[in-house]
Amino acid sequence: SSFASPFTQLHLSPGPNAGSTARPAAGLVLRIEAAKQLTGRVVTTKANKTVGVEVARLKQHPKYHRREKIKKKYQAHDPNNQFKVGDFVELVRSRPISKTKHFLAVPVPPRDTRRKAQLLPPLESQSGDDSAAAEETTE
């Protein structure tokens, strides 16, 4: 209903009292799991097959209602030692690998800053200049 976000998954599973005589709707237990998708920057690669990832998020201050940046550091599994300090990675939840490692580091594709220009049609002035420049070169 109103408390569910678009990243929330609802799982319906039969409850402990679900029998053949129970109604189908009454025997279902509603379990809510939030999808954890964390993206951060690698800050340390000193350990073997492990990277330290700093994840920043915005949180609203309870009294002053100003958003402040909260940083938290996670240990993630990097089996091939492929990440360097400064790389952006996505953390995928996995089984516990050690006492502090519960995530697997996955590379994030680089963001294309030119994508916005590719999606929008060219301006009239830009297309007119290009055609005028093309005409000058042909003469």
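## A residue in strand β5

H77 sits in strand β5. Strands here are DSSP runs of E with at least two residues, helices are runs of H or I with at least four, and both are numbered from the N terminus. This is a predicted model, in which local features need pLDDT of at least 70, side-chain atom pairs count only at pLDDT 80 or more, and totals for chains, interfaces and linings use all residues. Residues are numbered from 1 along each chain as its sequence is written, and side-chain values use heavy atoms, with hydrogens and water left out.

Is H77 buried or exposed? H77 has 17% relative accessibility, so it counts as buried. Buried means under 20% relative accessible area, exposed means over 50%, and partly exposed lies in between (1.4 Å probe, protein chains only). Which residues does H77 contact, leaving aside neighbours within four places in sequence? They are K49, I97, K101, F103, L104 and A105. A contact means heavy atoms within 4.5 Å.

## The whole chain

The protein chain has 2 helices and 7 strands. Along the sequence, the pattern is β-β-β-β-β-β-β-α-α. Of its 139 residues, 15% count as buried.

The protein chain exposes about 11,700 Å², and carbon and sulfur atoms supply 53% of that area. Accessible areas come from the Shrake-Rupley method with a 1.4 Å probe; for residues, only the protein chains shown count as cover. Now take the contacts with a separation of 6 or more: residues 24 or more positions apart account for 41% of them.

## The barrel

Five strands form a closed barrel, in the order β3-β4-β5-β7-β6. The pairing is mixed. Neighbouring strands of this sheet are turned by 50° against each other on average, direction ignored. For such angles, axes are lines fitted to C-alpha atoms (for helices, over the stretch in contact), and angles run from 0 to 180 degrees between N-to-C directions.

Two strands pair if DSSP finds at least two bridges between them. How do the pairs run? β4 and β5 are antiparallel, with 11 bridges. In that pair, L58 stands opposite K69 in β5. β5 and β7 run parallel and are joined by 3 bridges. Here Q75 faces K101 in β7. β6 and β7 run antiparallel, with 5 bridges. V92 stands opposite L104 in β7.

## Turns and loops

The hairpin of β4 and β5 has 6 residues between the strands. One of its residues, H65, takes a positive phi near 55°.

N48 lies in the loop between β3 and β4. With 58% relative accessibility, N48 counts as exposed. N48 and N80 are 32 residues apart in sequence, yet their C-alpha atoms are 9.2 Å apart in space.

## The nonpolar core

In soluble globular proteins, nonpolar side chains tend to be buried together. A nonpolar core is a set of buried Ala, Val, Leu, Ile, Met, Phe, Trp, Tyr and Cys residues joined through side-chain atoms within 4.5 Å. The largest one here has 12 residues: L38, V42, V51, V53, V55, Y74, A76, F83, V89, L91, F103 and A105. Which elements give two or more residues to this core? They are β3 (38-44), β4 (50-60), β5 (67-77), β6 (88-93) and β7 (101-107). The largest share, 3 residues, comes from β4.

L38 is one of the core residues. Not counting residues up to four places away in sequence, L38 touches V55, Y74, V89, E90, L91 and F103.

## An aromatic pair

The structure holds 1 aromatic pair. What makes the pair of Y74 and F103 edge-to-face? The ring centres of Y74 and F103 are 5.3 Å apart and the planes stand at 75°, so the pair is edge-to-face. Rings of Phe, Tyr and Trp (its six-membered ring) pair if their centres lie within 6.5 Å; planes under 30 degrees apart count as stacked, over 60 as edge-to-face and the rest as tilted.

The pair links distant parts of the chain. Y74 is in strand β5 and F103 in strand β7, 29 residues apart. Y74 has 16% relative accessibility, so Y74 counts as buried. F103 has 9% relative accessibility, so F103 counts as buried.
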